Amino acid sequence: MLTYHRVNPLRPGANSIETDLTIDPARFAAEMHALRRAGYHSVTQQQLFDALYRHARLPRKPVLISVDDGYVDDVRHILPVLRREHLKATFFVITGRFHQPGFMNAAQVRRLDLAGMDVGDHTRSHVDLRLVDAAHLRREVGASKRALARALGHPVYFFAYPFGALNARVVAGVRSAGFTMAFTTAAGSRESTAQPLMMPRLHIGRAVTPQSLISLLRGS
């Protein structure tokens, strides 16, 4: 699974972390086009689940694309490119930021869902879940899952850990909330049923080019 965060022009004064996480729209479009030209096929979370648990077949050269945090970039810059290239992606959104400037509102999140994209949960406020007490953990995970389900009008089964931060207690909380698959920031591309709540992903930062993206996938 490939992981993106922001697809937007880089703002002046951005620090090193923000710089790495921000991909120029033209570069993102070129990367998605490169995926298609190289014969990769984006798959949905349901396709992954069915392949892992029901022995369903995936298309040749499958790839999962994910976008974290729920910035408004998702509908402004990312969705049009995905539609043009006939690709799918999973958008992990922070439900407590629906009313904050720069983030998608509930209507925009539903737009992604109606466009055939997957929408997963990324907690209520993007905190390090290892540092919160049990009640706070339930709000960040379980209550956020319910809020996203209300916004979409259907259940949500996929989750991404903020900062990739987790421990046994956090994983247990995610399991108790009813998520079937959850994704970390641990580098890797092999998904399995061995640890369905600790799936790896490949971080795609600003330094990646369309050519190096394909090389990364071929070597993974």
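The buried residues of α2 are F28, A29, E31, M32, A34 and L35. Keep in mind that this is a predicted model.

- α2 covers residues 25-37, so to speak a run of 13 residues, and spans 18 Å from its first C-alpha to its last, close to the 18 Å expected at 1.5 Å a residue.

**What the buried side packs against**
- Among the partners of the buried α2 residues are the strands β1 (2-4), β2 (6-7), β3 (22-23) and β6 (65-69).
- Two helices also pack against those buried residues: α4 (73-85) and α8 (210-219).

**α2 meets α8**
- The axes of α2 and α8 lie 8 Å apart, and the two helices pack at an angle of about 45°.
- That angle is between 35 and 65 degrees, so α2 and α8 count as oblique to each other.
- Their crossing is right-handed.
- On the α2 side, the contact involves R27, A30, E31, A34 and L35, while α8 brings P210, L213, I214 and L217.
- Sort the residues of this contact by type and you get seven nonpolar, two charged and no polar.

**A stop at T19**
- T19 sits in helix α1 (residues 16-21).
- T19 is partly exposed, with a relative accessible area of 22%.
- Leaving out residues up to four places away in sequence, T19 touches L10, A14 and R206.
- A207 is 188 residues from T19 in sequence, yet their C-alpha atoms are 9.5 Å apart in space.

Key. Residues numbered from 1 in each chain as written. Predicted model: local features only at pLDDT ≥ 70, side-chain atom pairs only at ≥ 80, totals over all residues. Heavy atoms only, no water. Helix = DSSP H or I, 4+ residues; strand = E, 2+ residues; numbered from the N terminus. Expected span 1.5 Å × (residues − 1). Buried < 20%, exposed > 50% of the residue type's maximum accessible area, 1.4 Å probe, protein only. Contact = heavy atoms within 4.5 Å. Axes fitted to C-alpha atoms, helices over the stretch in contact; angles between N-to-C directions. Parallel < 35°, antiparallel > 145°, perpendicular 65-115°, else oblique. Left-handed = near helix turned anticlockwise from the far one by under 90°. Nonpolar A, V, L, I, M, F, W, Y, C, P; charged D, E, K, R; others polar.
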